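Here is a short briefing to read alongside the model. Take a look at the sequence and the fold, then follow the points below.

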Amino acid sequence: MAIIGVSAGRLPAGPAGQRLRATLAAHTVATEPLVLAVAPGHPLAAATETTLESLRAEPVVTLTHGTGLRTVLERACAEAGFVPHIQAETDDLTVLADLVAHGLGVGLLPGSAAARALGALVTLPVRDLTQQRHMVLVWHRDRVSAPGRAFLDVCEAHDEART
């Protein structure tokens with residue numbers, strides 16, 4: 001089993017762009033908003049919210065190509081009529097938050113990643129961004145251990161209690 005973050009509204013593609021195998025099952029365990037993170041001294045830090053348009057002139061720090069977060073960023077900016085100016089990219093959310101905290105650019109981050117950042121960050125809701133990050137539990141349908149089955153049962157019971 002694995003818990004993965006999905007920001008693009010679908011599970012990511014596998015190696016060489018292949019779709020995830022039908023033998024895998026998935027279950028959303030949490031959903032959270034994406035926020036714009038800026039360093040405390042950044043001009044946007046005084047705002048209470050922002051829009052995608054505010055990214056047009058900003059250097060952006062983001063994840064590498066192929067990640068859900070990068071896909072959300074590029075699609076949202078394209079819908080707003082521009083291509084983001086990518087200043088730096090990484091494959092690690094912690095490093096992304098650290099780069100933003102050091103003033104290398106602004107970053108679109110899941111709220112929880114921004115909250116866990118080692119450096120100080122200011123986060124802003126993005127008014128015209130509707131996508132959210134989904135934390136998804138993925139497992140092999142035919143190979144679930146007894147502890148894994150117990151965990152899935154707890155997840156199911158939790159979902160039933162919420163509804």
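Thr50 sits in the loop that links S2 and S3. This is a predicted model, and in it Thr50 has a relative accessible area of 6%. Because the cut-off for buried is under 20%, Thr50 counts as buried.

- Beyond its neighbours within four places in sequence, Thr50 is in contact with Leu36, Leu44, Leu124, Pro125, Val126 and Arg127.
- Glu49 belongs to the loop between strand S2 (24–38) and strand S3 (59–63).
- With a relative accessible area of 35%, Glu49 is partly exposed, whereas Thr50 is buried.
- Setting aside neighbours within four places in sequence, Glu49 is in contact with Leu124, Pro125 and Arg127.
- The side chains of Glu49 and Arg127 are joined by a polar contact of 2.5 Å.
- In sequence, 75 residues separate Glu49 from Leu124, yet their C-alpha atoms are 4.9 Å apart in space.

**The nonpolar cores**

- In soluble globular proteins, nonpolar side chains tend to be buried together.
- The largest nonpolar core here has 34 residues, and those touching the most other members are Leu55, Leu108, Leu109 and Leu121.
- At least two residues of this core come from each of S2, S3, helix H1 (68–79), helix H2 (93–101), strand S5 (107–110) and helix H3 (111–115).
- Another core, of five residues, lies apart from it and includes Ala25, Trp139, Leu152 and Cys155.
- What does Leu108 contact, leaving aside its neighbours within four places in sequence? Its partners are Leu34, Val35, Leu36, Val61, Leu69, Val72, Leu73, Val126 and Leu129.
- Leu36 and Val126 are in contact with Leu108, and both are also contacts of Thr50.

**The overall picture**

- Four helices and seven strands make up the secondary structure of the protein.
- Starting at the N terminus, the elements follow the order β-β-β-α-β-α-β-α-β-β-α.
- Taken along the principal axes, the C-alpha atoms fill a box of roughly 50 × 35 × 25 Å.
- Among contacts with a separation of 6 or more, 76% are between residues 24 or more positions apart.

- The protein has 163 residues, and 37% of them count as buried.

Note on methods:
Residues are numbered from 1 along each chain as its sequence is written. This is a predicted model: local features need pLDDT of at least 70, side-chain atom pairs count only at pLDDT 80 or more; totals for chains, interfaces and linings use all residues. Side-chain values use heavy atoms; hydrogens and water are left out. Buried means under 20% relative accessible area, exposed over 50%, partly exposed in between (1.4 Å probe, protein chains only). Contact means heavy atoms within 4.5 Å. A polar contact is a pair of N or O atoms within 3.5 Å; within protein, one must be able to donate a hydrogen and the other to accept it, and residues adjacent in sequence count only if both atoms are side-chain atoms. A nonpolar core is a set of buried Ala, Val, Leu, Ile, Met, Phe, Trp, Tyr and Cys residues joined through side-chain atoms within 4.5 Å.
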